[in-house]
Structure formats: structure tokens, C-alpha cells
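Here are my notes on this one, as numbered points. Keep the viewer open while you go through them.

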Amino acid sequence: MLSERPDDIGRARRWFAEELRHTAHVRSPAVVEAFATVPREHFAGPGPWRILSPMRGPDYWTTDDADPRRLCHDILVAIDETRRLNNGQPSLWANLIDQLGLKAGDRVIHIGAGLGYYSAIIAEIVGPGGRVAAIEIDPGLAERARANLARAWPQANVVTADGFAFVADERVDAIVVNAGVSHLAPPWLDSLKADNGRLLVPLTSANLWGAFLIITRRGSRFSVRFASRTGIIPCIGGRNPDAEARLTAALARADYAAVKSLRRPPEEPDDTCWLKGEGWWLSTAEEEDGLARSRGG
């Protein structure tokens with residue numbers, strides 16, 4: 001039986017964050033501090049909890065008790081087991097958020113907020129001077145996320161909306177998409193700040209496996225970088241069979257890691273086109289190569 005002294009949970013969260021620093025190769029002290037600070041149990045509902053490990057197959061099991069230290073591990077926690085909707089794997093998200101390079105004062109959109117845990121992690125990183133718009137399409141989940149984030153993160157605002165169609169009121173430093181899409185939403189690209197706005201998005205095929213890409217905007221140009229492989233729940237509104245078929249065909253030609261840039265009209269797809277969407281296409285050419293081509297260089 002685990003001890004229930006109040007100071008124990010603080011030490012457990014610190015240990016948890018330090019473990020993530022190593023297992024996820026987190027370089028940002030702000031990311032580590034966020035995981036050491038945000039109480040995961042506040043976003044998981046009352047325990048005992050149903051949990052899942054990616055290394056143990058599809059079966060959930062129940063924690064021995066409701067001690068919050070049970071959640072200070074690199075596990076998934078069920079939000080809705082019937083939909084296989086979980087609070088995601090901490091090492092994955094620690095690594096991805098670290099790669100995104102968020103800083104104090106940033107404006108961030110988090111699409112697919114669930115119960116708000118990773119929205120709170122982002123809110124910790126951007127601080128009181130930053131802003132997080134936590135988008136959740138499920139009204140019940142959105143209401144719970146709103147209550148959870150109201151505890152300590154006034155810089156996070158929950159919006160009940162379709163994240164795929166969401167249009168920001170102002171350009172933002174980053175958009176984090178927490179559900180798999182078969183194609184990109186042009187409003188996401190339009191919502192990024194022209195100077196280093198970043199989109200973290202999981203592009204996944206019909207089997208819901210794929211990869212996170214980081215798309216960085218510099219004026220009218222967009223560079224693309226492979227961030228991590230993933231299996232993730234589908235994004236409502238962000239999937240259609242035709243797009244899935246085009247993605248499958250693209251993967252038969254080259255892996256996600258081959259993608260280096262994103263192009264938009266008036267540029268037309270050329271022989272470097274890896275995947276074509278509506279109003280955008282992904283290229284295997286570096287951003288600078290595309291710029292030279294468009295200038296006739």
C-alpha cells in the first residue's frame with residue numbers, strides 16, 4: 001500500500017518529470033517543470049483508474065487504489081474506454097512539446113483537448129502572459145476540461161467547437177493537433193504567425209497509424225519536419241476516404257520522413273510532390289529549393 005502523505009505526491013510528480021526528461025530526451029527545463037507541476041489526477045476523474053500501456057496490447061487494467069501517484073508513470077489513462085479515448089502517453093507528448101519549442105508568452109491552439117491535461121501542460125509553459133485556446137468538439141468533455149483548467153490556469157480558455165474547421169481570431173505561435181487527420185485544414189496554415197508559427201499535426205492513414213509532422217511558417221513558405229511516429233484516435237471532420245487513399249499511395253512512394261516542405265498556390269505540384277490536398281501540397285524538396293524553383297533559379 002502506498003503512503004498517502006501530501007508531500008509524497010509532489011516528490012512523485014518530480015520523479016515522473018525527471019524520468020520523462022531522460023526517456024523522452026526533453027531538453028527544455030520549462031517542459032520538465034510543467035510535468036512536475038500539473039496534477040494529472042485532476043484531469044483523470046476519480047480513481048481507481050483504468051490504464052493502458054502501449055507495450056501490453058489493447059487491454060486496460062485497473063489501478064490498485066486511488067492514490068494519485070499511480071498516474072505518475074508513462075501510461076495512458078482511460079477517459080472513455082468504450083471509445084478507446086485516453087489521456088495520452090506522457091513520453092510522447094513531452095517529446096513533441098519539447099520539439100515544438102514553446103516559450104513564455106506564446107499563443108497556442110490545442111485541438112482535441114479532451115479533459116485538458118496537456119492543455120494545462122502547455123499553459124504552464126507559456127505562463128500567465130501566454131494564451132491557450134483548448135478546442136474540444138465533445139460538449140461533455142469540453143465542460144469537464146473547462147472546470148479542470150479553471151483550477152489554476154486562467155490563461156487557458158476552452159472552446160466547444162470542431163477543431164478541424166476552427167479559425168483563430170488572431171495569428172498564433174503554435175497549433176497542436178491531438179487527433180489523427182488524413183489531410184490538413186487550410187485555416188490552420190492561415191492561423192499561424194508568419195514568423196515561425198508552427199503546426200504540430202498527426203497525419204494518419206485509414207488504420208489510424210502515421211506520423212506527427214511539424215510545419216513551420218516563414219512568410220509564405222513552410223518547412224516540414226518529421227517529429228514522431230504515432231497511433232492516435234481520428235479527428236472528427238479531419239478524415240475522408242479519398243484523402244486516406246492518396247496518403248496510402250504517397251506512403252508507397254516514400255515515408256513521412258521524406259517530406260521537407262509544404263507549398264500553396266500559386267505554386268503548382270511538380271515532380272517533388274509527395275501528397276496533394278485542397279489548397280496545399282507536401283514536397284520532398286527543401287523549402288529553399290522550392291523558393292529557387294519559383295524564382296526560376
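1. Start with Ser223: its bridge partner in β12 is Ser261. That bridge belongs to the pairing of β11 (residues 221-231) with β12 (residues 261-263), which is antiparallel and runs over two bridges. Bear in mind throughout that this is a predicted model.

2. Now zoom out to the sheet. It is open, has 10 strands and mixed pairing, and the order reads β7-β6-β5-β8-β9-β10-β11-β12-β14-β13. The edges are β7 (156-160) and β13 (273-277); each has a single partner strand, so one side of each lacks a neighbour in the sheet. On average, neighbouring strands are turned by 25 degrees against each other, ignoring direction.

3. Two helices are worth a look against this sheet. Helix α5 (residues 139-149) lies across β6 (131-136) and β7, and runs at about 165 degrees to β7. Helix α7 (residues 241-253) also packs on the sheet, where it touches β9 (195-204) and β13. The direction of α7 makes about 175 degrees with that of β13.

4. On to the rings: there are 10 aromatic pairs in the structure. Take Phe35 and Tyr117, whose ring centres are 6.4 Å apart with planes at 75 degrees, so this pair counts as edge-to-face. The two sit in distant parts of the chain, 82 residues apart: Phe35 belongs to helix α2 (residues 29-37) and Tyr117 to helix α4 (residues 117-126). Phe35 is buried at a relative accessible area of 1%, and Tyr117 is buried too, at 2%.

5. A second pair to check is Tyr256 with Trp274. Here the centres are 5.7 Å apart and the planes make 50 degrees, so the label is tilted. Tyr256 comes from the loop between α7 and β12, while Trp274 is in strand β13, so the pair ties together parts 18 residues apart in sequence. Both Tyr256 and Trp274 are buried.

6. Which residues make up the aromatic cluster that includes Phe35? They are Phe16, Phe35, Phe43, Trp93, Tyr117, Tyr118, Trp153 and Phe212. If you select the contacts of Phe35, leaving out residues up to four places away in sequence, you get Arg13, Phe16, Ala17, Leu20, Pro90, Trp93, Ala94, Tyr117, Tyr118 and Ile121.

7. In soluble globular proteins, nonpolar side chains tend to be buried together. The largest core here has 47 residues, and the members touching the most others are Phe35, Trp93 and Ile121. Helix α4 gives the most to this core, with eight residues. There is also a second, separate core of 35 residues, and Trp188, Leu203, Tyr256 and Leu262 are among its members.

8. Then the charges. Side chains of opposite charge can pair when their charged atoms come close. The count of salt bridges comes to 21. In one of them, the side chains of Arg14 and Glu33 meet at 3.1 Å, N to O. This pair links helix α1 (residues 6-23), which holds Arg14, to helix α2, which holds Glu33, and the two residues are 19 apart. Arg14 is partly exposed at a relative accessible area of 34%, and Glu33 is partly exposed at 37%.

9. Some salt bridges stay inside a helix. Glu18 and Arg21 meet at 2.9 Å, N to O; both lie in helix α1, three residues apart, about one turn of the helix. Glu18 is partly exposed with a relative accessible area of 27%, as is Arg21 with 28%. In helix α5, Arg146 and Glu143 also form a salt bridge, 2.9 Å from N to O, and they too are three residues apart, about one turn of the helix. Arg146 has 30% relative accessible area and is partly exposed; Glu143, at 48%, counts as partly exposed as well.

Notes. Residues numbered from 1 in each chain as written. Predicted model: local features only at pLDDT ≥ 70, side-chain atom pairs only at ≥ 80, totals over all residues. Heavy atoms only, no water. Pairing = 2+ DSSP bridges. Helix = DSSP H or I, 4+ residues; strand = E, 2+ residues; numbered from the N terminus. Axes fitted to C-alpha atoms, helices over the stretch in contact; angles between N-to-C directions. Contact = heavy atoms within 4.5 Å. Phe/Tyr/Trp six-rings, centres within 6.5 Å; stacked < 30°, edge-to-face > 60°. Buried < 20%, exposed > 50% of the residue type's maximum accessible area, 1.4 Å probe, protein only. Salt bridge = Lys/Arg side-chain N within 4 Å of Asp/Glu carboxyl O. Core = buried A, V, L, I, M, F, W, Y, C linked by side-chain atoms within 4.5 Å.
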